[in-house]
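Please read the following report alongside the sequence and the coordinates.

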Amino acid sequence: MSKVKNPSGLCGTAAALLFAGASHALVAQAPTTPPPYTPGKAPHVGGNSFEGPKDVVYLPTRPLEDTRLNMYFGDWRDSEPNVMFGALVVRDILTAGDNLSPSFPGAVLEHAKFLSYGKLESGARTVPSTLKGLQVFFYVDQGEGEVSAGGKTEAIHKGSALLIPEGLEFTLHNTGDSQLSAYMVGDPTYPGFKPLSTFVVKDEAKLPHSAPADASPFTNPGAGGHWAHITHGFFNRGNGLATVGAVITVEILPLQLGEPHPHFPGHEEIWCEVEGKSVAFVGSQLRMQHPGEAYMLRPDNLTTHSNINFGEPGDKPIKFLWFSTSTKVSTTPH
């Protein structure tokens, strides 16, 4: 994947945070005893982590050591282009690295291989390609085209979710008059994994909203959890993915926010904004976030996060491409 130089002069994937405003220190509420976590269960989009708003727990002071928040954000605009499949111009957003100690901005993924943004020019077609040791998920951001493999061809367009399995020769073709662009997630395979026999295309507009896993009076009507997350599910380990746990989209209506909560070590969760402009509330800091920018919450079971739609009533929802994996390790921070 594409590389840029990091501040240390080492060559790596570019994923520097674009600041839209100054960082703000927030006054933390008095600490209380956190509710116990179910062993092996991560807070997730299908429910709430706390009984209600009064139970949300924040650290009483800033961390004694810098959490290096900037290292957990990435933007494809800060990455040099690379060519995949002969014609697809790809720029990285987040890449392989360390969940707790990234060596350069955006190098935070231990389970997923990459999160990138690809563009195919009008009329262009990729060369026949076959994935080995990897599957690729595409979420079409704009344009229209088609995917072909195994004697089958299907149309794709904005809102299409496409999974290309390992071992299947395929091509992508931009059939429109403008660029075909898509967010891409690399899903590593492993020995003994049985991929799907063909590619799968799903239309987000035809998928129902996901229901909450746990009923809560604090979850907004139509939301799937964490108070305000309206979700559409695409793929998970039960229907095609190998290593990545699940890929969905999350919408948040104006003047709403998700429930602030932490993640424990081994839980890798990524929020990539695809529509609108929002505030990422991470730890004790705020970051403006725009389409094409993503972050992963540092999974230390201490740092909380939430996403806030600060739009006016009547504005469109903000939307994120979300994916996660949990290794279900100990909830004890390290």
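## Charges over aromatic rings

The charged end of K152 sits over the ring of F199, at 4.3 Å from the ring centre, where a charge counts as sitting over a ring if NZ of Lys or CZ of Arg is within 6 Å of the ring centre and within 35 degrees of the ring normal. A second case is K202, which lies over the face of F235 at 4.7 Å from the centre of that ring.

These values come from a predicted model, in which local features need pLDDT of at least 70 and side-chain atom pairs count only at pLDDT 80 or more, whereas totals for chains, interfaces and linings use all residues. Residues are numbered from 1 along each chain as its sequence is written, and side-chain values use heavy atoms, with hydrogens and water left out.

## Aromatic pairs

A pair of aromatic rings is described by the distance of the centres and the angle of the planes. Here rings of Phe, Tyr and Trp (its six-membered ring) pair if their centres lie within 6.5 Å, and planes under 30 degrees apart count as stacked, over 60 as edge-to-face and the rest as tilted. By this rule there are 9 aromatic pairs. In one of them the ring centres of F85 and F170 are 5.2 Å apart and the planes stand at 75°, so the pair is edge-to-face. Because F85 lies in the loop between β4 (82-84) and β5 (88-96), while F170 belongs to strand β12 (residues 170-174), the pair ties together parts that are 85 residues apart in sequence.

Both F85 and F170 are buried, a term that means under 20% relative accessible area, with exposed meaning over 50% and partly exposed lying in between (1.4 Å probe, protein chains only). Elsewhere, ring pairs link F137, Y139, F234 and F235 into a cluster.

## An open sheet of six strands

Strands (E, at least two residues) and helices (H or I, at least four residues) are DSSP runs numbered from the N terminus, and two strands pair if DSSP finds at least two bridges between them. An open sheet is formed by 6 strands in the order β3-β21-β18-β23-β16-β15, with antiparallel pairing. Since β3 (73-75) and β15 (230-236) stand at the edges and each has a single partner strand, one side of each is left without a neighbour in the sheet. The twist from one strand to the next averages 20°, with axes taken as lines fitted to C-alpha atoms (for helices over the stretch in contact) and angles running from 0 to 180 degrees between N-to-C directions.

Within this sheet, strand β18 (residues 267-275) and strand β23 (residues 318-326) run antiparallel and are joined by 8 bridges.

K319 counts as buried, because its relative accessibility is 8%. Its side chain makes a polar contact with the side chain of E204 at 3.2 Å, a polar contact being a pair of N or O atoms within 3.5 Å; within protein, one must be able to donate a hydrogen and the other to accept it, and residues adjacent in sequence count only if both atoms are side-chain atoms. The C-alpha atoms of K319 and T249 are separated by 6.8 Å, although the two residues are 70 residues apart along the chain. If residues up to four places away in sequence are not counted, K319 touches residues including Y139, E204, V250 and C272, contact meaning heavy atoms within 4.5 Å.

Q289, in strand β20 (residues 285-289), is buried with a relative accessible area of 0%. Its side chain reaches the backbone oxygen of E293 at 3.0 Å. Leaving aside neighbours within four places in sequence, the residues in contact with Q289 include W271, K277, Y295, N307 and F320.

## Positive phi and a hairpin

H226, in the loop between β14 (200-203) and β15, has a positive phi near 45° in a residue other than glycine, and H226 is buried at 2% relative accessible area. L255 likewise has a positive phi, near 60°, and lies in the loop between β16 (246-252) and β17 (256-257); at 58% relative accessibility L255 counts as exposed.

Strands β9 (residues 144-149) and β10 (residues 152-157) pair in the antiparallel sense over 6 bridges, with E146 opposite A155 in β10. In their hairpin, which has 2 residues between the strands, G150 takes a positive phi near 60°.

## The chain as a whole

The chain has 0 helices and 23 strands, and 53% of its 334 residues count as buried. Of the contacts with a separation of 6 or more, 74% are between residues 24 or more positions apart.
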